[in-house]
Amino acid sequence: MGARGAPSRRRQAGRRLRYLPTGSFPFLLLLLLLCIQLGGGQKKKENLLAEKVEQLMEWSSRRSIFRMNGDKFRKFIKAPPRNYSMIVMFTALQPQRQCSVCRQANEEFQILANSWRYSSAFCNKLFFSMVDYDEGTDVFQQLNMNSAPTFMHFPPKGRPKRADTFDLQRIGFAAEQLAKWIADRTDVHIRVFRPPNYSGTIALALLVSLVGGLLYLRRNNLEFIYNKTGWAMVSLCIVFAMTSGQMWNHIRGPPYAHKNPHNGQVVGARPQHQYSELQFCLLGIRNYV
């Protein structure tokens, strides 16, 4: 019984194969080739992404901020695939550009990048780079950018939105403000570590040493301490210092630059010499006299 049933089953399978549509085989072959091609393309993208991340990590191990020209910008920032965020500072640091704001912004950007590079949370999801105008003029033209410095965030997917451009005119470019903006855009929180500044301590120590040495040398004749003219000059110096433009900047904390609404040019906003009402009065009295 079993021997007779086996040939009958083979004849039935042969009939089914003969009844299959003749156009189904090319379709199945095309589908198979498409799956193979898609699998190969996905593997190629993964290899390309791994190479890009490996190169960025190598650069980051050397410097916290790596410089980019047009070719590197298009390869590592604009071209997919990309699974990392990139914070780019567009600047003009060459001496002939005479951009003092760019140098100040570069110092804050360097502090922020170093804080991220040497933190325990450092990973390959966030990188810092810089494009100088003289090294990447084509990048500025491609982005229709005519001012510097400018900070932009390039997300892992999609094009940058309006919020991905840092509002430097309104907030300023302190490292702490940049870190807060990066946390809003990338969910990466950076704790800013500033290098110790001993200039104030050294200046105070020198002043104390100078005063102490002067008092020691004049220890037998200290009548100059009761000199009214000397104390008047010291008081005037303190008054002028407290009413100067630098003190106004320290108290008000205005932005470093602002955009002209008429021509769109970004210019410095912090006054270097901000005369107060008292100074105007003093100047008026001096001119009158």
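How many cavities of 30 Å³ or more does the structure hold? One.

1. Basis. This is a predicted model: local features need pLDDT of at least 70, side-chain atom pairs count only at pLDDT 80 or more, and totals for chains, interfaces and linings use all residues. Residues are numbered from 1 along each chain as its sequence is written, and side-chain values use heavy atoms, leaving out hydrogens and water.

2. The largest cavity contains about 30 Å³ of space. A cavity here is a set of points, on a 1 Å grid over the protein atoms alone, where a 1.4 Å probe fits but cannot get out. Points are joined across faces, edges and corners, and the volume is the space filled by probe spheres set on them.

3. Cavity lining. S60, S64, A113, W116, R117, F122, L126, F127 and F128 line the largest cavity (lining residues have an atom within 4 Å of a point). Six are nonpolar, two polar and one charged. Nonpolar covers Ala, Val, Leu, Ile, Met, Phe, Trp, Tyr, Cys and Pro; charged covers Asp, Glu, Lys and Arg; the others, Gly among them, are polar. Helix 4 (100-117) and strand 3 (126-132) each supply at least two lining residues. Helices (H or I, at least four residues) and strands (E, at least two) are DSSP runs, numbered from the N terminus.

4. Arginine over rings. R117 has its charged end over the ring of Y118, 5.4 Å from the centre. R117 also lies over the face of F122, at 5.0 Å from the ring centre. The rule: NZ of Lys or CZ of Arg within 6 Å of the ring centre and within 35 degrees of the ring normal.

5. Aromatic pairs. The count is 13. Rings of Phe, Tyr and Trp (its six-membered ring) pair if their centres lie within 6.5 Å; planes under 30 degrees apart are stacked, over 60 edge-to-face, the rest tilted. F73 and F154 are edge-to-face, at 5.6 Å centre to centre and 85° between the planes. F73 is in helix 3 (residues 70-78) and F154 in strand 4 (residues 150-154), so this pair ties together parts 81 residues apart in sequence. F73 is buried at 0% relative accessible area, and F154 is buried at 2%. Buried means under 20%, exposed over 50%, partly exposed in between (1.4 Å probe, protein chains only).

6. A tilted pair. F166 and W181 are 5.3 Å apart centre to centre, with 55° between the planes. F166 sits in the loop between strand 4 and helix 6 (168-171), W181 in helix 7 (residues 175-186), 15 residues apart. F166 is buried at 5%; W181 is buried at 10%.

7. Ring cluster. Ring pairs link W59, F66, F76, Y84 and F127. F127 also lines the largest cavity.

Definitions and conventions. 1 Å grid on protein atoms, 1.4 Å probe; cavity = no way out; pocket = protein on both sides within 12 Å on 5 of 7 lines; lining within 4 Å.
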